[in-house]
Amino acid sequence: MKALVVHGLDGPSAIRFDDVDEPPSDGKVLIEVRAAGVCYPDLLLTQGRYQARAQPPFVPGSEVAGLVVHAPDGSGFSAGDRVQAVVGLGAYAQRVAVDPGAVWRLPDELDFAEGAALLANHQTAHFALHRRAGLTAGETVLVLGSAGGVGSAAVQVATALGARVIAGVHRRGADEFVRGLGSDGIVPLHDGWLDRVREVTSGRGVDVVVDPVGGALFDDAVRALAPEGRLIVLGFAGGAIPQVKVNRLLLRNVSVVGAGWGEFLRTRPQALAETAQALQAFVARGLRPPVTRRFPLAEGAQALLDLEAGTVLGKAVLVTEG
């Protein structure tokens with residue numbers, strides 16, 4: 001079969017579209033890949049910068065949707081079933097073998113690309129907002145970097161949970177895209193953005209900030225919180241890892257909370273199925289992952305380069321013929 005293989009930790013330029021052996025599937029669900037999600041950890045893996053390192057050669061990719069080729073007895077799956085799945089590595093291929101516990105039926109409402117897009121980013125957003133932030137309906141959420149993969153998912157999930165959502169946007173030309181996600185307002189993340197947040201919240205601030213960006217935005221993000229507000233740290237796409245001045249947390253009764261979805265799953269793997277079920281309920285109510293770019297599987301290196309360059313709004317997906 002064909003797969004995208006990382007031959008060195010030099011970024012997407014070290015990826016080749018190669019012939020490889022089909023993965024061993026004893027005790028696993030073998031899936032014919034129709035779509036594979038492109039996410040930021042995939043890019044970091046190709047550069048050797050992700051916390052979980054992989055040694056070349058390896059096939060990246062953790063999000064997949066496709067058709068079951070065969071499945072072990074008792075798994076609940078049969079050949080031909082439409083499914084979506086999470087796999088540690090190997091999704092950038094024509095076939096992938098996945099543990100049955102990380103496979104779910106693909107909702108009828110979604111095509112394969114949308115199914116692959118409803119995984120890492122939306123699961124992270126749901127974990128951050130529902131479990132770590134304890135978001136309740138009627139609260140106000142500010143999402144920084146809302147045009148990106150995790151940010152756009154956070155806008156959708158917060159909306160589905162009944163929150164009022166303010167989308168923080170730093171990319172030119174992204175306003176229309178972000179507005180279509182369901183946000184209630186848009187704040188450009190340039191000088192003076194904190195004043196604008198205070199203005200649209202009548203001076204109160206927001207109950208939750210979702211921050212996948214870090215860097216220079218962090219200090220003002222803390223200031224944007226209302227009393228007893230929570231800032232959820234998801235990553236550092238802005239580059240720098242900020243420092244917390246804890247006296248601000250004490251004096252204003254606010255919290256800075258980490259949301260490491262992958263690390264959480266190491267100790268509570270059953271949360272994967274729980275979160276997938278919650279997201280599928282949102283799909284039944286109308287949520288559709290924002291797939292804005294579809295690349296042929298062979299062009300996966302270019303998809304990662306575009307992700308790195310910041311030219312992908314929402315979610316990019318690799319698709320196979322079939």
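Rings of Phe, Tyr and Trp (its six-membered ring) are taken as a pair if their centres lie within 6.5 Å; planes under 30 degrees apart count as stacked, over 60 as edge-to-face and the rest as tilted. The structure is a predicted model, in which local features need pLDDT of at least 70 and side-chain atom pairs count only at pLDDT 80 or more, while totals for chains, interfaces and linings use all residues. Residues are numbered from 1 along each chain as its sequence is written, and side-chain values use heavy atoms, with hydrogens and water left out.

A search of the whole structure for aromatic pairs returns three. In one of them, the ring centres of F127 and F264 are 4.8 Å apart and the planes meet at 35 degrees, so this pair is tilted. The pair joins distant parts of the chain, 137 residues apart: F127 belongs to helix α3 (residues 120–132) and F264 to helix α9 (residues 261–267). Helices (H or I, at least four residues) and strands (E, at least two) are DSSP runs, numbered from the N terminus. Burial is judged by relative accessible area: buried means under 20%, exposed over 50%, and partly exposed in between (1.4 Å probe, protein chains only). F127 is buried because its relative accessible area is 5%, and F264, at 17%, counts as buried too.

F264 has a further partner in W261, and this pair is stacked, with 6.4 Å centre to centre and 20 degrees between the planes. W261 and F264 both sit in helix α9, three residues apart, about one turn of the helix. An α-helix has 3.6 residues a turn, so residues three or four places apart point the same way. Through these ring pairs, F127, W261 and F264 are linked into a cluster.

Elsewhere, a charge meets a ring. R82 lies over the face of F112, 5.1 Å from the ring centre; the criterion is that NZ of Lys or CZ of Arg is within 6 Å of the ring centre and within 35 degrees of the ring normal.

Next comes the nonpolar interior. A nonpolar core is a set of buried Ala, Val, Leu, Ile, Met, Phe, Trp, Tyr and Cys residues joined through side-chain atoms within 4.5 Å. The largest such core has 92 residues, and Y92, L129, V141 and L318 have the most contacts inside it. With neighbours within four places in sequence set aside, L318 is in contact (heavy atoms within 4.5 Å) with residues including L4, V38, Y92, F295, G300 and A303. Another core, of 21 residues, lies apart from it and has I166, L189, A221 and L225 among its members.

Helix α11 (residues 300–309) has G300, A301, A303, L304, D306 and L307 buried. The cover over these buried residues includes β1 (2–6), β2 (15–19), β3 (29–38), α1 (40–47), β14 (291–296) and β15 (315–319). After α11 comes G310, with a positive phi near 80 degrees.

Some backbone features also deserve a look. Most residues other than glycine have a negative phi, and most peptide bonds are trans. The peptide bond from P56 to P57 is cis, with omega near -5 degrees, and P57 is placed in the loop between α1 and β4 (63–70). S202, although not a glycine, has a positive phi of about 55 degrees; S202 lies in the loop between α6 (193–200) and β11 (206–211) and is exposed, with a relative accessible area of 72%. E228, also not a glycine, has a positive phi of about 65 degrees. E228 is placed in strand β12 (residues 225–233) and is exposed at 63% relative accessible area.
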